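I opened this model to look up its domains, its ligand shell and its annotated sites. My entries are below the structure.

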Amino acid sequence: MKKLKVSIPGREYEILTDGGILDRAGEMVRKTVRGGRIALVTDENVMPLYGDRVRGALEKAGFSVRPVVIPAGETSKSMAMLERLYDEFMSFELTRADAVLALGGGVVGDLAGFAAATILRGVDFIQVPTTLLAQVDSSVGGKVAIDLKAGKNLAGAFYQPRLVLIDTDCLHTLPPRELSGGMAEVIKYGAIRDAALFRRLEEAEIREGLPAGTEEIVCRCCDIKREIVERDERDTGERMVLNFGHTLAHAYESAYNFEKYTHGEAVAAGMCRIALLGEELGITEPGTAKRLRALVRKWGLPDAIECTPEQYGRALRLDKKGEGGSIRLVALKAPGEAVLYQIKKEALLELLSREVRE
Ligand SMILES: NC(=O)c1ccc[n+]([C@@H]2O[C@H](COP(=O)([O-])OP(=O)(O)OC[C@H]3O[C@@H](n4cnc5c(N)ncnc54)[C@H](O)[C@@H]3O)[C@@H](O)[C@H]2O)c1
Ligand SMILES: O=C(O)C(=O)C[C@@H](O)[C@H](O)[C@H](O)COP(=O)(O)O
Ligand SMILES: [Zn+2]
């Protein structure tokens with residue numbers, strides 16, 4: 001079992017990674033939760049695959065468990081689903097000694113985490129991520145949120161989990177498209193912080209949608225995120241590099257109603273567009289965009305998505321890295337090194353509206 005410790009003063013927690021760890025969820029959770037009840041939030045695809053196993057493990061450790069099963073997909077990150085969770089938690093008579101456990105992908109984690117952060121002004125929260133994307137990214141670092149009509153992730157909190165349990169065996173049931181989506185965030189980690197990881201992904205053989213040494217790669221991504229979040233939990237500076245490609249990704253996701261592209265696909269295209277733009281601005285080492293494009297294509301991800309200037313403009317206005325008329329653009333210096341670049345939103349929009357030259 002691999003163990004990482006996230007050290008945020010007063011809210012330290014462990015990330016435990018192991019194949020088959022789901023069956024030991026009860027004993028692990030028992031060490032962190034005082035109370036006797038666990039609201040197990042999951043989705044309709046994950047429940048039949050892993051719900052009973054996790055429920056059984058928790059019950060064996062003496063917990064009373066209430067499964068709350070939501071529809072799969074981004075539309076569940078909504079105010080209506082949040083209200084449903086509150087109702088379920090209250091009818092289960094959850095108290096502050098009890099906990100909410102998210103079993104699923106980033107949608108389940110973001111929604112359940114926000115519900116845990118706000119019900120009774122905060123109850124303990126445990127992440128058990130079952131998608132690659134959630135294992136390498138969304139289960140760590142405490143960003144929890146729902147989407148509003150106005151856009152993506154607009155109501156949320158920074159609310160760290162008390163424990164993260166990563167069972168890499170869950171990846172065996174993940175559809176190929178979801179594996180690719182997770183790989184987009186893995187590529188992001190290489191691109192922003194780890195040139196060796198970036199090269200390793202370039203050279204890796206793909207077996208069943210994954211690179212060799214997946215568990216090690218999952219842990220490396222969590223460790224990169226851990227280090228960044230420990231230094232800037234509240235996203236005021238350094239943490240923004242984790243948002244590489246995301247301003248555009250959020251534009252692409254909402255331009256197609258969150259239906260056509262997964263988050264990971266949108267991130268892949270967003271990163272490629274920003275790498276090209278970085279080269280145009282003279283920030284990014286020439287050739288970087290080409291390498292990034294080859295890498296996302298290798299993992300079956302799109303390197304570009306059509307979007308109108310209006311849709312880009314809207315995303316720039318809503319982006320949390322914006323301040324007045326300016327925004328912090330996350331660009332690459334070279335593969336492995338991200339920089340923040342302050343730019344006027346109008347100037348960025350003008351650059352994005354130009355035809356792409358490869
Ligand atoms: N909080 C953060 O830091 C953060 C980081 C990255 C992404 N996100 C958010 O995460 C969301 C995307 O997460 P996602 O890609 O995990 O999507 P998701 O949660 O929608 O899961 C993708 C699909 O896989 C299914 N699934 C999950 N685990 C499975 C398994 N083991 N086997 C078979 N099917 C399985 C789900 O039911 C769903 O249909 C987006 O809303 C994004 O904004 C948040
Ligand atoms: O943890 C972070 O910080 C990230 O930016 C990780 C992103 O991969 C993730 O998609 C996050 O939800 C984006 O958040 P937002 O602040 O742009 O809403
Ligand atoms: Zn993301």
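**Conventions.** I am working with a predicted model, in which local features need pLDDT of at least 70, side-chain atom pairs count only at pLDDT 80 or more, and totals for chains, interfaces and linings use all residues. Residues are numbered from 1 along each chain as its sequence is written, while chains are lettered from A and ligands numbered from 1 in the order in which they are written.

**Domains.** I looked up the division of the protein chain first. It has domain 1 (2–173) and domain 2 (176–203 + 231–353); these bounds come from an automatic or database domain assignment. Over C-alpha atoms, the centres of domain 1 and domain 2 are 27 Å apart. Their contact takes 16 residues from domain 1 and 16 residues from domain 2. I count two residues as in contact if their C-beta atoms, placed from the backbone, lie within 7 Å.

On the side of domain 1 that touches domain 2, helix 5 (132–138) and strand 8 (151–158) each supply at least two residues. Helices (H or I, at least four residues) and strands (E, at least two) are DSSP runs, numbered from the N terminus. By class, that side of domain 1 has eight nonpolar, five polar and three charged residues. Here Ala, Val, Leu, Ile, Met, Phe, Trp, Tyr, Cys and Pro are nonpolar, Asp, Glu, Lys and Arg are charged, and the others, Gly among them, are polar.

**Ligand 2.** Which residues surround ligand 2? I listed Asp137, Gly141, Lys143, Asn153, Glu185, Asp235, Arg239, Leu242, Asn243, His246 and Lys320. A residue is near a molecule if its C-beta atom, placed from the backbone, lies within 6 Å of it. The shell holds six charged, four polar and one nonpolar residue. Domain 1 and domain 2 each give at least three residues to this shell.

**Annotated site.** The unreviewed UniProt entry puts "binding site" on Glu185, His246 and His263. UniProt positions follow the numbering used here, feature names are shortened, and annotations may be inferred rather than shown by experiment. These residues span 79 residues in sequence, yet no two of their C-alpha atoms are more than 10.3 Å apart, so they gather at one spot.

**Glu185.** I found Glu185 in helix 6 (residues 176–193). Beyond four places away in sequence, Glu185 touches Leu133, Val136, Asp137, Gly264 and Val267.

**His246.** I found His246 in helix 9 (residues 246–255). Beyond four places away in sequence, His246 touches Val267 and Gly270.
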